[in-house]
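Here's a quick walk through one structure, written for someone who likes to look at contacts and geometry. Have the viewer open while you read.

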Amino acid sequence: MKLTGNLLIGAHDVPASEGTMKALNPATNQWLDTDFALGGAAQVHQAAILADEAFDSYSHTSLSQRAAFLESIADNLEAVRSPLAERAALETGLPQAQLEGEVGRAATQFRQFAQVVRKGRFLQLAIDPAQPERQPRPRMDHRLQKIALGPVAIFGASNFPISYSVAGGDTASALAAGATVILKAHNAHPGASEIQARAIQKAVHDHGLHEGVFSMVRGSGNAIGEALVDHPLIKAVTFTGSEHGGMALYRRAQQRPDPIPVFTEMTSINPTFILPAALAERGAPIGDGFIERMLVNVGQACLRPALLIAIEGPGLQALREAMVKRVSEAPARTMLTPGIHASYLKGLAALEAAGAHRIAQGSSARADFDGQSALLEVSGHRLLGEAVLSQEVFGPSALLVTVEDDAQCLAVARSLNGQLSATLHLEEQDLPLARRLLPVLERRTGRIVVNAFAHPQEVTHATVHGGPFPATSDSRFTSVGMTSIERFLRPVAYQGFPQALLPEALRDFNPLQLPRSVDGQ
Ligand code: NAP
């Protein structure tokens, strides 16, 4: 597929204003062909003006029009499935077959959000009719609906170059909410970003929407991201990446004259607790399954289980041996970027310096950015004294923590930072300890999984992909799943309105046949 390398601002191909860059093939450490344009504050301004101009018409599209638009994006993505996956594979080192699956997931998300839009529940329509006879004071007619916040800036993630990137869940949920989008492409996969952006741009055109509904910018260094967060027409930001980057952008947004919400998803080690009866009964298969899931995406997944806590007792040795075996057999595989590879090595060294022992490692790296998998072990006592041992090391490594008893297990749980997920492996006899752990984990995680591992591909109405800081900057929201749309919405109340002036969804007789609460019922 021919790439131009241009920025896509509305309907326009915009050439470089700040030089160009090339994509790196991390598997070969060779630069790929195309020159990709880099832009700056001027291009952000151009995109923001367009996004603002498009907002009123786009946010007032009918629900069926908007749903059809989202479905077209899904169709357009599927139409480029192979070239998109092929390009993403070259730019990330991830297997093409896996990336084809990611295209499917991205398309499915757009279709799922089309259904959410059609059903209209996200509008949270509420009508509290006037009570003119009420004493001592009559009540006015109150009607509420949710509207989109305005143009939003979305930072594409590096680790899932499609389903968390240009055509990822952030873009799907923002467009579903009625927000216009400026996407900051991740420089690790510029070609895959262009292909996705064109699929969205084509749907904007085919549906006769204002060109400013979607733009994609790219820049070098922090300047372009900062310009986006600072731009007065941008009304919210989403980000997936490092805690350092996420918090820099979050703080910047709070220092604007008009602070705006920034929804960052940053870091999580997804602790897994294996309780005594489960350890005795199923230690080996749990250890094997844990490492299998840890290795997904070369350990570069937000839900990667990285910390396994086991209480000393029967089954511990079988668990350890199964983990050692699986890690020892794992081939070294290409990591996403030289920077992520370097951070991985640095993170492993920090764990070892803090007292963790390497008990297994996978086959050696054959190429510059191959990540060699590693299994480390440490006592619960040591973990409790060294905060660095519970920091994320993004890559194919895991830490086995052996604790002395239930009390130390609970102490380790209490010592953990906010997480995206926690997992409990348990049998019937483990329920009393599980009941003690549960409130500790509820306060620290967005999801708790029993006798399985959280799966990043599951996108449902009840999915929560969020959690207390530092997993995210706002634990009230999820970044994956159907309720992620709520990040981009705010309520507006209409009081004393004549029928003809009310939004259609709030008129008497419910012309759109949408779910509404009336007087709280
Ligand atoms: P990153 O360095 O945080 O960058 C993410 C995006 O934000 C990039 O587009 C980057 O732009 C931009 N950015 C970062 N800091 C910025 C700042 N101060 N001002 C303006 N823009 C900024 O993340 P990454 O490159 O994807 O990976 C680095 C590390 O992030 C990994 O090693 C890992 O620890 C973590 N990570 C975690 C997850 C997770 O799911 N938990 C996912 C991905 C990454 P530029 O590229 O142009 O600098």
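Let's start in a loop: Asp-474 lies between strand S22 (445-450) and strand S23 (489-495). Keep in mind that everything here comes from a predicted model. Is Asp-474 buried or exposed? With a relative accessible area of 15%, Asp-474 is buried, because the cut-off for that label is under 20%. The side chain of Asp-474 also has a partner, as a polar contact of 2.7 Å joins it to the side chain of Arg-476.

**The loop between S22 and S23**

That loop has other things to look at. Pro-470 is found there too, in the loop between S22 and S23. The peptide bond leading from Phe-469 to Pro-470 is cis, and its omega is near 5°. As a bit of background, most residues other than glycine have a negative phi, and most peptide bonds are trans. As for cover, Asn-451 has a relative accessible area of 37%, so it counts as partly exposed.

Stepping back into strand S22 brings you to Val-449. Val-449 is buried, with a relative accessible area of 14%. How far apart are the C-alpha atoms of Val-449 and Thr-423? They are separated by 4.6 Å, although the two residues are 26 residues apart along the chain.

**The ligand**

The ligand sits in the largest pocket. How many residues surround the ligand? There are 21 of them, and the closest are Ser-158, Lys-184, His-186, Ser-242 and Met-266. Sorted by class, the shell holds eight nonpolar, 10 polar and three charged residues. Helix H8 (residues 243-254) supplies the largest share of that shell, with three residues.

Here are some atom-to-atom distances between protein and ligand:

| Protein side | Ligand side | Distance |
|---|---|---|
| Ser-158, polar side-chain atom | oxygen atom | 2.6 Å |
| Ser-242, polar side-chain atom | oxygen atom | 2.6 Å |
| Met-266, backbone N or O atom | nitrogen atom | 2.8 Å |

Along with those distances, consider the cover: on its own the ligand has 870 Å² of accessible area, and the protein covers 85% of it. Note that Met-266 takes part through a backbone N or O atom, whereas Ser-158 uses a polar side-chain atom, as does Ser-242.

Pro-136 has its place in the loop between strand S7 (126-128) and strand S8 (142-148).

Where is Asn-270 found? Look in the loop between strand S13 (262-265) and strand S14 (272-274). The phi of Asn-270 is near 45°, again a positive value in a residue other than glycine. Asn-270 counts as buried because its relative accessible area is 2%, whereas Asn-451 is partly exposed at 37%.

**A few residues elsewhere**

Helix H3 (residues 81-92) includes Thr-92. At 1% relative accessibility, Thr-92 counts as buried. A polar atom of the Thr-92 side chain lies 2.7 Å from the backbone oxygen of Ala-88.

His-231 lies in the loop between helix H7 (223-230) and strand S12 (236-240). Why does His-231 count as buried? Because its relative accessibility is 9%, and the label applies under 20%. Pair His-231 with Val-204 and you get 27 residues of separation in sequence and 23 Å in space, C-alpha to C-alpha.

Finally, Glu-100 lies in helix H4 (residues 96-119). Its relative accessibility is 23%, so Glu-100 counts as partly exposed. Glu-100 and Pro-503 are 403 residues apart in sequence, and their C-alpha atoms are 41 Å apart in space.

Key:
Residues are numbered from 1 along each chain as its sequence is written. This is a predicted model: local features need pLDDT of at least 70, side-chain atom pairs count only at pLDDT 80 or more; totals for chains, interfaces and linings use all residues. Side-chain values use heavy atoms; hydrogens and water are left out. Helices (H or I, at least four residues) and strands (E, at least two) are DSSP runs, numbered from the N terminus. Buried means under 20% relative accessible area, exposed over 50%, partly exposed in between (1.4 Å probe, protein chains only). A polar contact is a pair of N or O atoms within 3.5 Å; within protein, one must be able to donate a hydrogen and the other to accept it, and residues adjacent in sequence count only if both atoms are side-chain atoms. A residue is near a molecule or strand if one of its heavy atoms lies within 4 Å of it. Accessible areas come from the Shrake-Rupley method with a 1.4 Å probe; for residues, only the protein chains shown count as cover. On a 1 Å grid over the protein atoms alone, a cavity is a set of points where a 1.4 Å probe fits but cannot get out, and a pocket is an open set with protein on both sides within 12 Å along at least five of seven lines; lining residues have an atom within 4 Å of a point. A molecule sits in a cavity or pocket if more than half of its atoms lie within 2 Å of its grid points. Ala, Val, Leu, Ile, Met, Phe, Trp, Tyr, Cys and Pro count as nonpolar, Asp, Glu, Lys and Arg as charged, and the others, Gly among them, as polar.
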